[in-house]
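Welcome to the tour! Open your viewer, switch to a cartoon display, and keep the selection tool ready.

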Amino acid sequence: MKLSNGARIHSGDYTIESSLRTTDCCEIYSATANAGQQRVLVSRLKDNLIGYADIFLAKCGIMASISHPSVARVLDFFSENDNTFLITEYVEGETVEQLFSSKAASRADAVRIITGIAEAVQCFHQAGTPNLAVSPANITVSRLTGQPVLTTFSLPITMIVAPEEQSCFDAPQRYGMSDRNLPVHDIYSIGAVLYRLTTGTNPPLADRIEAEGLEYSDDFDDSIADVIDKAMEPRHIFRHTSVGDFLSELSGNTAHSAIPTNVYRAPAPKPEPEPIPEPIPEPKPEPKPEPKPEPKPEPIPEPKPEPIPEPKPEPIPEPK
């Protein structure tokens, strides 16, 4: 049941002012805190999703851990009386949906806004979770600073809705039969918001894009169109593999930001690894031939002693 104006929550800490909009998982209200001294934004988890309260609160904690000017600052999150709430700062300004309802942004403004939001989404990815709520209604441009601020998130669950109720800013995989929601789904949404910013119109649904492609005016910037076409590729394995890749292509660079290993990357064809050449063994030195020993001279035989002649017997004299 929706909250009524003047309703008080969290022991009276927050007083509801008015209902602003609904997302696929929350009702969004403006409210006041600290006895009316501070304006805040209240996101209440929808009644039909109350079974996901723990997941919602865990994601609130992740958002609270992010410090980036394009991520709304979390002030509180809690459950009470079968309700679950996220309290964030209220950004004075207008949403992208309001600012560009019937006109396109300048190229410079479009790139500035989408760069800030892409960096905000990258913070969610670095924390290990997709945001899943990137749309013109969920991006407020600060009236004071011009900073685009992503004000909420969605739950990583399959959205079961009729085709006519699907959002043109959601990746088609959000409406599949799997609960596997991935960071690469956010890249589709970022591309869709960039399409809205640069054309002034909403993109078609993914099935029509797959059949007919995206339409642009004759004078549309081809480099921006190339980025959008890749980001909004209905088959997610052909999108940019990370927000860093998206930002690099948008800025015309070829290098991309590093993404932690715990964050999913859409698989891409892997080049065949070049064979590693086997190391050429160093030639072993040939053994030096050992010098042949000089031939020893044959010993000179000692001369044989001359034989001593036997004495001849003296003749015996004959008797006289």
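What follows is a walk through the model, one stop at a time.

**Before you start**

This is a predicted model, in which local features need pLDDT of at least 70, side-chain atom pairs count only at pLDDT 80 or more, and totals for chains, interfaces and linings use all residues. Residues are numbered from 1 along each chain as its sequence is written, and side-chain values use heavy atoms, with hydrogens and water left out.

**Stop 1: the whole chain**

Select the protein chain. The chain holds seven helices and nine strands. Here helices (H or I, at least four residues) and strands (E, at least two) are DSSP runs, numbered from the N terminus. Of its 320 residues, 43% count as buried; buried means under 20% relative accessible area, exposed over 50%, and partly exposed in between, using a 1.4 Å probe and protein chains only.

Next, think about contacts, meaning heavy atoms within 4.5 Å. Among contacts between residues at least 6 apart in sequence, 58% join residues at least 24 apart.

**Stop 2: the sheet of six strands**

In which order do the six strands of the open sheet lie? The order is S1-S2-S3-S4-S6-S5, with antiparallel pairing. S1 (8–9) and S5 (74–80) stand at the edges with a single partner strand each, so one side of each is left without a neighbour in the sheet. Two strands pair if DSSP finds at least two bridges between them. As background, strands of a sheet pair through backbone hydrogen bonds, either parallel or antiparallel.

Select S1 together with S2 (residues 14–22): these strands pair in the antiparallel sense over two bridges. Arg8 has Thr15 in S2 as its bridge partner, and Ile9 stands opposite Tyr14 in S2. Four residues lie between the strands of this hairpin, where His10 takes a positive phi near 55°.

S2 and S3 pair in the antiparallel sense over seven bridges, and they form a hairpin with three residues between them.

**Stop 3: Val42**

Select Val42, which you will find in strand S4 (residues 38–45). Is Val42 buried or exposed? Val42 counts as buried because its relative accessibility is 0%. Show its surroundings: leaving out residues up to four places away in sequence, Val42 touches Ile9, Ile16, Glu27, Ile28, Tyr29, Ala31, Phe85, Leu86 and Ile87. Try the distance tool on the C-alpha atoms of Val42 and Ile16: they are separated by 8.1 Å, although the two residues are 26 residues apart along the chain.

**Stop 4: the sheet of three strands**

Move on to the open sheet with the order S7-S8-S9, where the pairing is antiparallel. S7 (93–95) and S9 (148–150) stand at the edges, each with a single partner strand, so one side of each is left without a neighbour in the sheet. Neighbouring strands of this sheet are turned by 30° against each other on average, direction ignored.

Select S8 (residues 139–142), which pairs with S7 over three bridges in the antiparallel sense. Glu94 has Val141 in S8 as its bridge partner, and Thr95 has Thr140 in S8. In a regular strand the side chains alternate between the two faces of the sheet. Both faces of S8 are covered, with Ile139 and Val141 on one side and Thr140 and Ser142 on the other, all buried.

S8 and S9 also pair over three bridges, and Ile139 has Leu150 in S9 as its bridge partner. Five residues lie between S8 and S9 in their hairpin, and Gly146 in the turn has a positive phi of about 80°.

**Stop 5: two helices**

Finish by selecting H3 (residues 107–126) and H4 (residues 183–199), whose axes come within 10 Å and cross at roughly 165°. That makes H3 roughly antiparallel to H4; angles over 145 degrees count as roughly antiparallel, under 35 as roughly parallel, 65 to 115 as roughly perpendicular and the rest as oblique. Axes are lines fitted to C-alpha atoms, for helices over the stretch in contact, and angles run from 0 to 180 degrees between N-to-C directions.

Show the side chains where the helices meet: the H3 residues include Ala110, Ile113 and Val121, and the H4 residues include Ile190, Leu194 and Leu197.
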